[in-house]
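Q: I would like to understand how two chains in a structure meet. Could we go through it together?
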Amino acid sequence: MASIATKFRPLFDRVLVKRLDAVKQSKGGIMLPESASKKIREATVIAVGPGARNQDGKPVPIDVNVGDRVLLPEFGGTAIQLDDDDSYTIFRESELLAKVEK
Amino acid sequence: MASIATKFRPLFDRVLVKRLDAVKQSKGGIMLPESASKKIREATVIAVGPGARNQDGKPVPIDVNVGDRVLLPEFGGTAIQLDDDDSYTIFRESELLAKVEK
Amino acid sequence: MASIATKFRPLFDRVLVKRLDAVKQSKGGIMLPESASKKIREATVIAVGPGARNQDGKPVPIDVNVGDRVLLPEFGGTAIQLDDDDSYTIFRESELLAKVEK
Amino acid sequence: MASIATKFRPLFDRVLVKRLDAVKQSKGGIMLPESASKKIREATVIAVGPGARNQDGKPVPIDVNVGDRVLLPEFGGTAIQLDDDDSYTIFRESELLAKVEK
Amino acid sequence: MASIATKFRPLFDRVLVKRLDAVKQSKGGIMLPESASKKIREATVIAVGPGARNQDGKPVPIDVNVGDRVLLPEFGGTAIQLDDDDSYTIFRESELLAKVEK
Amino acid sequence: MASIATKFRPLFDRVLVKRLDAVKQSKGGIMLPESASKKIREATVIAVGPGARNQDGKPVPIDVNVGDRVLLPEFGGTAIQLDDDDSYTIFRESELLAKVEK
Amino acid sequence: MASIATKFRPLFDRVLVKRLDAVKQSKGGIMLPESASKKIREATVIAVGPGARNQDGKPVPIDVNVGDRVLLPEFGGTAIQLDDDDSYTIFRESELLAKVEK
């Protein structure tokens, strides 16, 4: 069966990410202190769109790549269930806070 | 009788889609988990407009084609009844989340 | 007496349309299912303006022509009474949903 | 005494118009049916500004000329009393709906 | 003592004006009929800024000059007291309605 | 100890100003009549940023210089305490009303 | 273990800063007088993103560098806990008020 990454091509500047499991979260991971839930904000990039369009209509390549680990904002994004797995979310590139070295 | 695809030409960056029947939805389809209705969000592209205009007024070709399967957002779009069939909807290209391999 | 089309020249990207009579509406016409009134949304283009202006101020020609049949949105537009006929409305080009083959 | 047209030079994309008298309104004039007041929306252009500015700051010539008859929107504009005459109004060019042949 | 005009250099597209005295208002002056106060809207331009900036950051020269008589909007502007005189106001160029011949 | 002007480099189009002391305010200074507090609105420019960026991202040099006397708006700006002195404020260039000759 | 600066790469025009400890705050530091909490607004730049994009989509280099001391606004930013340290915050470049000499 084709992997989700190849099956799913986000449009415009959207990025499909898969949140890290709470367990696999290494020591010293990144958390948003003020959020009561202490929800882990790290995820892996699964698929990226062609990019937002500039004023001429040309796509501007997205600045993260498949496999990168990224830091998510506390809010935003559209949760997606792929192959019965709830940990996928679609964000706009501009919503992502940072790339984080594994 | 001319098919709907040829009879109907969306304007600007609008895209006419036809939602997949719940039955034909293959295993592992895409659903938006948080939406109570578990409504299937996949549809087929029936017709596309010339595209949004860039700052010079030139149309920017739409990034999906007739026959593509796309993932719809939970809200938005204008429902249209064509030849007494209710499953058609017009979306702006920028509202569509992703292309999905069949 | 000069026809309305020649008497009336919309400005900017405005389009003057005349709604189809309910009777003349052919089988399989286009209706917006969710609108209780089942109001026919089809109309004929009577006159078009020079177009919206791009960033340099140059008009961008309108994408519909006199005589085209178009699909109207459920809301918007300014109703106009011309020669005591109430079925005329002025829309912005960008409000029109699609061109529809007769 | 200098005529109002020469005394009064609108700025930017403003247009000075004088509403037609109700009496002089020819048969088959243009009225906005839904407006309870049945106010005549036609007026004559008295003076025009240099035009709105494009992104470089250059004025974009206005698309109506002194003497044209225009169709006014139901709302908007700034009423002006010139030489004790209340029928003058300043509109932005983009507020005017259409040019109408006399 | 340096005149106010030379002492005061507005920034960007701002224009310093001095409202005409009610008395000096010649017959047939311009009033905004609907404004209860019948406040005279005419003023003389005292000083002008370099102009608003276009998209490249270059100033766009202001379309009124020192000494011009202008028609003010009913609202807006920042009242300024210069040398204990309350009749000065700073407007943005785009707020001014028209130039008026004396 | 380095002077505040050299220690403090505003970013973008921000300008650091120091409000004139009420006492040093020369006769005929500039006050905003309608403001109850009759607060003196004049200040001296202490430091300026590189400027706002135009559409290409290039900075547009600020139109006031260190040492200029400027007229402040009644509201806006961020009060800053430097070396225990409360009379400093950071404004955006576009908030400043005018340059005023000393 | 890789330092936070190398581990963490902000996206777009975001800047990661670390707030100065209250103790290490030298005499004559910068405080926002009106803020009751007298919270120190100075921080050190830890990591910077590639920059915001101009209208063509090209990144505009950020105007602060790693190691610079900056003045923070009273509000805004996203607090981040890195390696169990709560004093990190992500700001947009345009939110930062000024660079401050140590």
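A: Let us begin with a definition: residues are in contact when they have heavy atoms within 4.5 Å. Please note also that this is a predicted model.

Q: How many residues of chain B are in contact with chain A?
A: On the chain B side there are 26 residues, in contact with 24 residues of chain A.

Q: Why do the copies meet through different surfaces?
A: Only 8% of the interface residues of chain B are also interface residues in chain A, so the two copies use different surfaces to meet.

Q: Which rotation superposes chain B on chain A?
A: A rotation of 51 degrees, with 0.0 Å of shift along its axis, places chain B on chain A with an RMSD of 0.0 Å.

Q: What area do they bury between them?
A: Chain B and chain A bury about 2100 Å², and 51% of that is on carbon and sulfur atoms.

Q: How many salt bridges are there between chain B and chain A?
A: There are 2 salt bridges between these chains. One of them joins the side chains of B:Asp63 and A:Arg9, at 3.4 Å from N to O.

Q: Which strand of chain B gives the most to the side that touches chain A?
A: That is strand β9, residues 98–100, which gives 3 residues. The side of chain B that touches chain A comprises 12 nonpolar, 5 polar and 9 charged residues.

Q: Where does β9(B) join chain A?
A: It is joined by 3 bridges to strand β1 of chain A, residues 8–10, and the two strands run antiparallel. In this pairing, A:Arg9 stands opposite B:Lys99.

Methods: Residues numbered from 1 in each chain as written. Chains lettered and ligands numbered in written order. Predicted model: local features only at pLDDT ≥ 70, side-chain atom pairs only at ≥ 80, totals over all residues. Heavy atoms only, no water. Least-squares fit on C-alpha atoms with pLDDT ≥ 70 in both. Buried area = accessible area lost by both parts, 1.4 Å probe. Salt bridge = Lys/Arg side-chain N within 4 Å of Asp/Glu carboxyl O. Helix = DSSP H or I, 4+ residues; strand = E, 2+ residues; numbered from the N terminus. Nonpolar A, V, L, I, M, F, W, Y, C, P; charged D, E, K, R; others polar. Pairing = 2+ DSSP bridges.
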